[in-house]
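Subject: Structure handover

Hello,

Here is the structure we spoke about. My notes on it follow below.

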Amino acid sequence: MTESELLSNSTPEPNTGCWLWLGQVTGGYARAGGKQVNRVTLGLTDHGTQACHRCDNPPCVNPAHLFAASARANALDSIGKGRHANAAKTHCRKGHQFTDANTYRDALGYRHCRACNLAAKRRASEFLVMGAL
């Protein structure tokens, strides 16, 4: 999609520089002709590559705000910016609070509960001892 086509189908947002799509929006993302506008703008044809937003505004179609990245890089970007779905969670699934003392991050940047990890290690060691008897 050309810049003139993008401009004629969007409205500039003066505070952020975003170009907000005026056409169809599905799941927050701009669509035209059944395709995601941002993917077309970046010329993406590989389904393993995603159109990502520097501005974190899904209906934005400003090419200067877009970049191509892998799904993993996109997930890490959202985690780093606190936008990931799990970023808002304050407690683990067992109910332990995510505090600095009770939380660690793995190599991918995902949070884990230290209390749950410790409990799992205890259960595993007990199982090993029971199995040796």
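Which residues does A87 touch, not counting residues up to four places away in sequence? A87 touches G82 and R111, where contact means heavy atoms within 4.5 Å.

Before the rest, two remarks on the basis of these notes. This is a predicted model, in which local features need pLDDT of at least 70 and side-chain atom pairs count only at pLDDT 80 or more, while totals for chains, interfaces and linings use all residues. Residues are numbered from 1 along each chain as its sequence is written, and side-chain values use heavy atoms, with hydrogens and water left out.

The loop between α3 and β8

A87 sits in the loop that connects α3 (71-80) to β8 (103-105). Helices (H or I, at least four residues) and strands (E, at least two) are DSSP runs numbered from the N terminus. A87 and R111 are 24 residues apart along the chain, and their C-alpha atoms are separated by 8.7 Å. A87 counts as partly exposed because its relative accessibility is 34%; buried means under 20% relative accessible area, exposed over 50%, and partly exposed in between (1.4 Å probe, protein chains only).

N102 is also placed in the loop between α3 and β8. Its relative accessibility is 14%, so N102 counts as buried. Leaving out residues up to four places away in sequence, N102 touches H96, Q97, H112, C113, R114 and A115. With A115 there is a specific approach: the side chain of N102 reaches the backbone nitrogen of A115 at 2.9 Å.

The sheet β3-β4-β5

An open sheet is formed by 3 strands in the order β3-β4-β5, with antiparallel pairing. Its edge strands are β3 (25-26) and β5 (35-36), each of which pairs on one side only. Two strands pair if DSSP finds at least two bridges between them.

- β3 and β4 run antiparallel and are joined by 2 bridges. The bridge partner of T26 in β4 is Y29. The hairpin of β3 and β4 has 2 residues between the strands, and G27 takes a positive phi near 65° there.
- β4 (residues 29-32) pairs with β5 over 2 bridges in the antiparallel sense. In β5, R31 has Q36 as its bridge partner, and A32 has K35. This hairpin has 2 residues between its strands, and G33 in the turn has a positive phi of about 60°.

The nonpolar core

The largest nonpolar core has 6 residues in all: L6, W19, W21, A30, V37 and V61. Such a core is a set of buried Ala, Val, Leu, Ile, Met, Phe, Trp, Tyr and Cys residues joined through side-chain atoms within 4.5 Å. V61 touches L6, S10, W19, W21, A30, V37, N38 and L66, again not counting residues up to four places away in sequence.

The chain as a whole

The protein chain has 4 helices and 9 strands. From the N terminus on, the elements run α-β-β-β-β-β-α-β-β-α-β-β-α. Its radius of gyration is 21 Å, whereas a compact globule of 133 residues would have one near 14 Å; the radius is taken over C-alpha atoms, and the globule rule is 2.2 Å times the number of residues to the power 0.38. Along the principal axes, the C-alpha atoms fill a box of roughly 75 × 30 × 20 Å. Of the 133 residues, 23% are buried. Among the contacts with a separation of 6 or more, 35% are between residues 24 or more positions apart.

Regards

Note on methods: Polar contact = N/O pair within 3.5 Å; in protein donor to acceptor, adjacent residues only side chain to side chain.
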